[in-house]
Amino acid sequence: MEKSKVLIVGGTGYLGKRLVKSSLANGHDTYILQRPQIGVDIEKVEMFISFKMQGAHLVTASFNDHRSLVDAVKLVDVVICAISGVHIRSHHILLQLKLVDAIKEAGNIKRFFPSEFGTDPARMENAMEPGRVTFDDKMVVRKAIEEAGIPFTYVSANCFAGYFLCGLCQIGHILPSTDSVVLLGDGNQKAIYVNEDDIATYTIKAIDDPRTLNKTLYLRPPKNILSQREVVQIWEKLIGKELKKSTLSNEEFLAPMKELEYAEQVGLCHYYHVCYEGCLANFEIGEDGEEATTLYPEVKYTTAEQYMKRYL
């Protein structure tokens, strides 16, 4: 079977660059959307050139130019969007509605992967303000995709290891301490941590897989379904030392909310649902979903312990 041609939108981003690498490594004809508004962002330009030298095709198109988007989409079979939905970086989820319009008009796309890659928004209808905006916006995009009859796969990748494991699940930390840790609540709620390179690998695997068509692909590597206490234990074993532990109740965690900037409030809400409510691991996958490690046992995913060795 001939492999699908892939267009990646947001290809220079945190996850996007990994998707490009994985798509090329898996032998897909890979196109990357290059927006003319790049200005003098030399690092992005260098990344585009590096991708081109690895065999990717650059396609100039803009979200402000519908025709250019339609033309870009017509070059490929599959569109993967990885534009940021993280408020502390930039939040552009609803921009994808323009992409949905272009895909609908082009009429040739066999699969669209919108920018999801986190908590399943369909399960977050009771999320708190203002954090729920992320989930609400993603559901607006899903509704547009489904109403347009566009074939899709939604990827629920849970916690990016680089944001969660690195700081022992503490908000605002991206390097693990060798002295102390604050446990959120009792520290026993399970979450799911996935290496960002593995997220890209599983996503690209799903492109031409009929089993993932019009479904949500959940990434649940069995060895990475861990509580914060278990993550801390892994780190303690690696450094050969026990950390000083204190605990933070949910009331204490939410107390500073009003003083924070909007983007930080959104992040605080997301951490709350993951770390205090266990929203990622407290449900069974239904008929509208598939689990990635089960579908693709040949992928040797990175365990939490292997991942954390990089911080030694």
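C169 is buried, with 0% relative accessibility, where buried means under 20% relative accessible area, exposed over 50%, and partly exposed in between (1.4 Å probe, protein chains only). The model is predicted, so local features need pLDDT of at least 70 and side-chain atom pairs count only at pLDDT 80 or more, while totals for chains, interfaces and linings use all residues. Residues are numbered from 1 along each chain as its sequence is written, and side-chain values use heavy atoms, with hydrogens and water left out.

**Cysteines**
- The count of disulfides (pairs of cysteine sulfur atoms within 2.5 Å) comes to zero.
- C166 is in no disulfide, and its nearest cysteine sulfur, that of C169, is 8.7 Å away.
- C166 is buried, with a relative accessible area of 0%.
- For C169, the closest cysteine sulfur is in C275, at 5.8 Å, which is too far for a bond.

**Nonpolar cores**
- A nonpolar core is a set of buried Ala, Val, Leu, Ile, Met, Phe, Trp, Tyr and Cys residues joined through side-chain atoms within 4.5 Å.
- The largest such core has 69 residues, and those with the most contacts inside it are L19, I80, F117, Y193 and L219.
- Helix α10 (residues 262–275) gives the most to this core, with six residues; helices (H or I, at least four residues) and strands (E, at least two) are DSSP runs, numbered from the N terminus.
- A second, separate core of 28 residues includes V73, L99, V141 and I145.

- T119 lies in the loop between β7 (111–113) and α5 (132–147), and T119 is buried, with a relative accessible area of 16%.
- Leaving aside neighbours within four places in sequence, T119 is in contact (heavy atoms within 4.5 Å) with residues including M124, F135, S156 and N158.

**Salt bridges**
- The structure holds 14 salt bridges, each a side-chain nitrogen of Lys or Arg within 4 Å of a carboxyl oxygen of Asp or Glu.
- E116 and R142 form a salt bridge (2.8 Å, N to O); E116 lies in the loop between β7 and α5 and R142 in helix α5, so the pair ties together parts that are 26 residues apart in sequence.
- E116 is buried at 8% relative accessibility, and R142 is buried at 6%.
- A network of salt bridges links E116, D120 and R142.
- K237 and E305 also meet in a salt bridge (3.3 Å, N to O); K237 lies in helix α8 (residues 228–239) and E305 in helix α12 (residues 304–308), so the pair ties together parts that are 68 residues apart in sequence.
- K237 is exposed, with a relative accessible area of 60%, whereas E305 is partly exposed, at 27%.
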